[in-house]
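Please look over the fold below.

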Amino acid sequence: MSFDVEAIRRDFPILTRRVGEHPLVYLDSANTSQKPRVVVDAIAEHYFQHNANVARAMHVLGAEATEAYEGARGLVASFIGAAAPEEVIFTRNASEALNLAANTLAARLIPGDEVVISVMEHHSNIVPWQLVCERTGAVLRWFDVTDEGRLDLEAAERDGLINERTRVVSVAHVSNVLGTRNPVAEIAAKAHAVGAVMVVDASQSAPHQSIDVTELGADLVAFTGHKMCGPTGIGVLWGRGELLESLPPFLGGGEMIEVVEMTHSTYADPPHRFEAGTPPIAQAAGLGAAIRYLQGIGMDAIAAHEHELTEYMLAKLTSIDGLLLLGPVEAVERGSACSFNLKGIHPHDVMQVLDSRGIAIRGGHHCARPLHRRLGHQSSTRASAHLYTTREEIDALADALVFTRDYFGAR
């Protein structure tokens with residue numbers, strides 16, 4: 001079956017909106033994706049028909065809520081190739097998932113140990129490791145990037161970045177700024193060779209391509225629901241079963257315990273050990289609906305559509321005089337996020353002018369300030385596509401950027 005983007009767009013009511021006199025052109029999906037009607041309906045149905053707490057309530061509604069929640073866990077496990085649903089932990093978002101990883105792995109760190117990240121990471125994969133290193137005495141090190149915007153693997157090898165002192169390596173699968181797809185399986189092999197744990201931030205890859213956690217070679221993988229057509233308020237941390245069994249709790253409270261005494265407590269098995277308190281039940285129902293929706297279209301079909309769009313967007317952007325693209329200029333090992341600057345024009349001004357024409361993009365440092373500093377930029381403008389994006393929308397973006405350039409006289 002051919003990929004019918006117009007049929008897909010009809011599943012997203014918000015895409016029929018107008019912004020002033022202009023149709024909405026939504027090119028901010030790397031920030032958050034839009035939601036198909038089936039996801040909104042699933043959340044509404046949960047609240048209208050099945051609302052109760054999970055595990056605790058033994059009545060019909062409680063059983064239905066538990067079935068929906070644990071059913072979503074099973075869908076996620078299948079979606080990412082997990083060995084068992086128990087390897088899937090629900091969190092509030094990817095940031096909490098990465099904080100969970102950092103804070104539980106911190107129990108293994110001592111002064112002089114090393115944690116390796118990269119300069120292209122989202123702040124959510126930088127700050128938690130900074131805090132953990134400050135607390136434990138471990139040393140934070142990082143991959144640099146080449147001028148093209150790819151990890152500088154040669155420099156890392158030459159400098160012995162991953163070595164016998166390395167305990168954790170944590171990198172993004174796909175950069176949220178540059179679109180670069182990193183060779184995480186290769187990096188994981190190097191990490192495992194020295195006994196380190198490999199953590200992958202898949203927030204920008206899980207929504208756009210097939211993910212198999214085994215093929216990634218990772219030990220822990222984080223991603224978020226709201227970027228993959230699901231609701232806000234739910235994220236995922238997948239972990240190898242034997243690793244999760246060895247990690248201490250992250251938060252204390254209800255449901256994460258086995259037995260509580262006034263003098264001590266024992267803890268539940270994963271994943272419940274890491275899910276203290278009332279979890280995001282309705283959000284899990286919505287995420288389950290989003291996964292079913294994406295699988296119904298086919299992740300390989302979505303990836304092929306976005307690859308074609310990325311090629312088209314890169315060609316349009318690089319043909320604009322005065323525009324400097326950040327990151328790879330070819331759609332090879334690359335996601336759909338495209339960041340750029342118009343010479344002499346602040347990204348916030350670009351964003352404002354485009355918004356006046358109904359085009360939603362993002363301007364700023366995209367929670368990746370160290371990467372921008374490394375590349376010599378204060379900030380950038382980012383356009384990002386998803387399964388519902390069309391060539392016509394990219395044409396509208398290019399036309400609006402030329403208008404903005406000429407409006408500010410920056411040609």
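How many disulfides does the count come to? The count is zero, taking a disulfide as a pair of cysteine sulfur atoms within 2.5 Å. A disulfide is a covalent bond between the sulfur atoms of two cysteines. Cys229 is in no disulfide; its nearest cysteine sulfur belongs to Cys338, 19 Å away. Seen from Cys338, the closest cysteine sulfur is that of Cys229, and 19 Å is too far for a bond. Cys229 counts as buried because its relative accessibility is 0%. Cys338 is buried too, at 0% relative accessibility. Here buried means under 20% relative accessible area, exposed over 50%, and partly exposed in between, with a 1.4 Å probe and protein chains only.

This is a predicted model: local features need pLDDT of at least 70, side-chain atom pairs count only at pLDDT 80 or more, and totals for chains, interfaces and linings use all residues. Residues are numbered from 1 along each chain as its sequence is written, and side-chain values use heavy atoms, leaving out hydrogens and water.

**The seven-stranded sheet**

Helices (H or I, at least four residues) and strands (E, at least two) are DSSP runs, numbered from the N terminus. Two strands pair if DSSP finds at least two bridges between them. Seven strands form an open, mixed sheet in the order β4-β10-β9-β8-β7-β5-β6. β4 (88-91) and β6 (139-143) stand at the edges with a single partner strand each, so one side of each has no neighbour in the sheet. The twist averages 20° from one strand to the next. Angles run from 0 to 180 degrees between N-to-C directions, and axes are lines fitted to C-alpha atoms, for helices over the stretch in contact.

Within this sheet, β9 (residues 220-224) and β10 (residues 235-239) pair in the antiparallel sense over five bridges. Leu220 has Gly239 of β10 as its bridge partner.

**The four-stranded sheet**

A further open sheet has four strands, ordered β13-β14-β17-β16, with antiparallel pairing. Its edge strands are β13 (323-326) and β16 (362-364), each pairing on one side only. The twist averages 30° from one strand to the next. Three bridges join β16 to β17 (residues 380-383), in the antiparallel sense. Gly364 stands opposite Ser380 in β17.

**Helices on the sheets**

| Helix | Strands | Angle |
|---|---|---|
| α3 (residues 60-80) | β4, β9 and β10 | about 120° to β4 |
| α7 (residues 184-193) | β6, β7 (166-172) and β8 (197-201) | about 155° with β8 |
| α12 (347-356) | β14, β16 and β17 | about 160° with β16 |
| α14 (residues 391-407) | β13, β14 and β17 | about 20° to β14 |

**A loop glycine**

Where does Gly344 sit? Gly344 is in the loop between β14 (338-342) and α12. Gly344 counts as exposed because its relative accessibility is 83%. From C-alpha to C-alpha, Gly344 and Ala97 are 38 Å apart in space, and 247 residues separate them in sequence.

**The annotated span**

UniProt, in an unreviewed entry, lists residues 25-397 as "domain: Aminotransferase class V". UniProt positions are given in the numbering used here, feature names are shortened, and annotations may be inferred rather than shown by experiment. In the model, this span is 39% helix and 17% strand, and its end C-alpha atoms lie 8 Å apart.

Technical notes. Contact = heavy atoms within 4.5 Å.
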